[in-house]
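Have the viewer open while you read.

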Amino acid sequence: MKAVAALPERREVGLVDHAEPRVVAPSAVLVRTLEVGVCGTDGELCAFHFGFPPAGESYLVLGHEAVGMVQEVGPAVRNLSEGDLVVPSVRRPCSDQDCVACRTGSQDFCLTGRYTERGIFGAHGFLVERFVEEEKFLYRVPPALREVAVLAEPLTIAEKGLRQYLAIQRRLPWLREADEISLLAGRRAVVLGAGPVGILAAMLLQQRGCVVTVYSREEATSVRAELLRAIGVTFLSAAGLSVEAMAEEVGGIELVYEAAGAPALSLSVLQAMAPNGVFILTGATGAGGRLEFGADALLNRMVGGNFVLAGTVNASHVDFVNAIADLDRFHRDWPRATRSLITGRHGMEEFAARALHRTGIKEIVDLSGDG
Ligand code: BGC
Ligand code: ZN
């Protein structure tokens, strides 16, 4: 069976012949892969900046953003059957009995760092004709979402970020009991970056009634800017507008959702927030950069403003459930914008080139004709 894999010893990414998976465990599900998304993480993997194969193996099957169709289920599988569309989650728990996060289904908060991630760290991914997964790590998707379901995993990153924000906001005494609607309605939110995660985060915040501005390096006339404007989001190009001027235009930044992976930008926006501002950091940055900046001023601003800076990675069970429900809302309310996030479909052999030189918004590998 064909798969796309990274071979660290040879520093190569290419097609490999991968063993056909079988349903052995009673709770296992055999899935035929339909589509796999390409993301920034894949670029890092193809450049061998991080990632590693499963213990004792020479290659890592790539691909962590997937949608597939159930082909066979084990006898103990209760809620999935042949023909169902499913999206798999990415991270798998560590095996440490003392890791309270992994032992309670919150491996996205793993304490030991010995978790695995399918297609990234120590576990094969989904860029393969068929894969086997435990039922509990698969999420059913309504058939109407077939075309856009590959966006569910990147959307889970935004969903988890949003939940962090809600939890943090409840630190304010007058919001302790506030419901999600009142925590978000009218909130002035700035999204940094107009990649897939940034755009999906903007959609999510817009859906929840925030006043959303995306601040990004693209031109104000770009396809991304137009897509965002079409759903009511303000787009401000960093090309012609300083961070201070942007903050001024927003009129008091209450929430920042960072999905740009640009440290200098993050630090200056962090200082430009309104009192009690919350900054959610999701973008990874290339290792090794060094910045010169006024740390005193930044930390003083953070103290004086009651600012919170929160990093977030990966996603929980509830984030997958919410992502699928929200994708359905996006697709219903903004069908054109949602579909236009997927900018290209490619064959398996094109994966590495697409991951290393990212163009478009979300490029995907289409496996539906294979296998
Ligand atoms: C994935 C996450 C993952 C992270 C770090 C991202 O691209 O969407 O699920 O946790 O990379 O490996
Ligand atoms: Zn990804």
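Contact here means heavy atoms within 4.5 Å. Also keep in mind that this is a predicted model.

1. Start with the pair α3 and α5. On the α3 side, the residues in contact are Pro154, Leu155, Ile157, Ala158, Glu159 and Leu162. They meet Val197, Leu200, Ala201, Leu204 and Leu205 in α5.

2. Now the geometry of that pair. The axes of α3 and α5 lie 9 Å apart, and the packing angle is about 50°. That angle makes α3 oblique to α5; the cut-offs put roughly parallel at under 35 degrees and roughly perpendicular at 65 to 115, so this pair falls between the two classes. As for handedness, α3 passes α5 in a right-handed crossing.

3. Ile199, Ala202 and Met203 supply the α5 part of the contact, while Arg224, Leu227 and Leu228 supply the α6 part. This crossing is right-handed.

4. Next, α10, which covers residues 317-333. What span do its 17 residues reach from first C-alpha to last? The answer is 25 Å, close to the 24 Å expected at 1.5 Å a residue.

5. Which residues of α10 are buried? They are Asp319, Phe320, Ala323, Ile324, Asp326, Leu327, Phe330 and His331.

6. On to the sheets. One is open, with 3 strands in the order β2-β1-β4 and antiparallel pairing. Its edges are β2 (12-17) and β4 (60-61), each of which pairs on one side only. β1 (residues 2-7) joins β4 over 2 bridges in the antiparallel sense, and Ala5 stands opposite Val61 in β4.

7. The other sheet to look at is also open, with 3 strands in the order β7-β8-β9, but here the pairing is mixed. β7 (91-92) and β9 (122-123) are the edge strands, each pairing on one side only. Between β8 (residues 116-118) and β9 the pairing is parallel, over 2 bridges. There, Arg118 stands opposite Ala123 in β9.

Notes:
Residues numbered from 1 in each chain as written. Chains lettered and ligands numbered in written order. Predicted model: local features only at pLDDT ≥ 70, side-chain atom pairs only at ≥ 80, totals over all residues. Heavy atoms only, no water. Pairing = 2+ DSSP bridges. Helix = DSSP H or I, 4+ residues; strand = E, 2+ residues; numbered from the N terminus. Expected span 1.5 Å × (residues − 1). Buried < 20%, exposed > 50% of the residue type's maximum accessible area, 1.4 Å probe, protein only. Axes fitted to C-alpha atoms, helices over the stretch in contact; angles between N-to-C directions. Parallel < 35°, antiparallel > 145°, perpendicular 65-115°, else oblique. Left-handed = near helix turned anticlockwise from the far one by under 90°.
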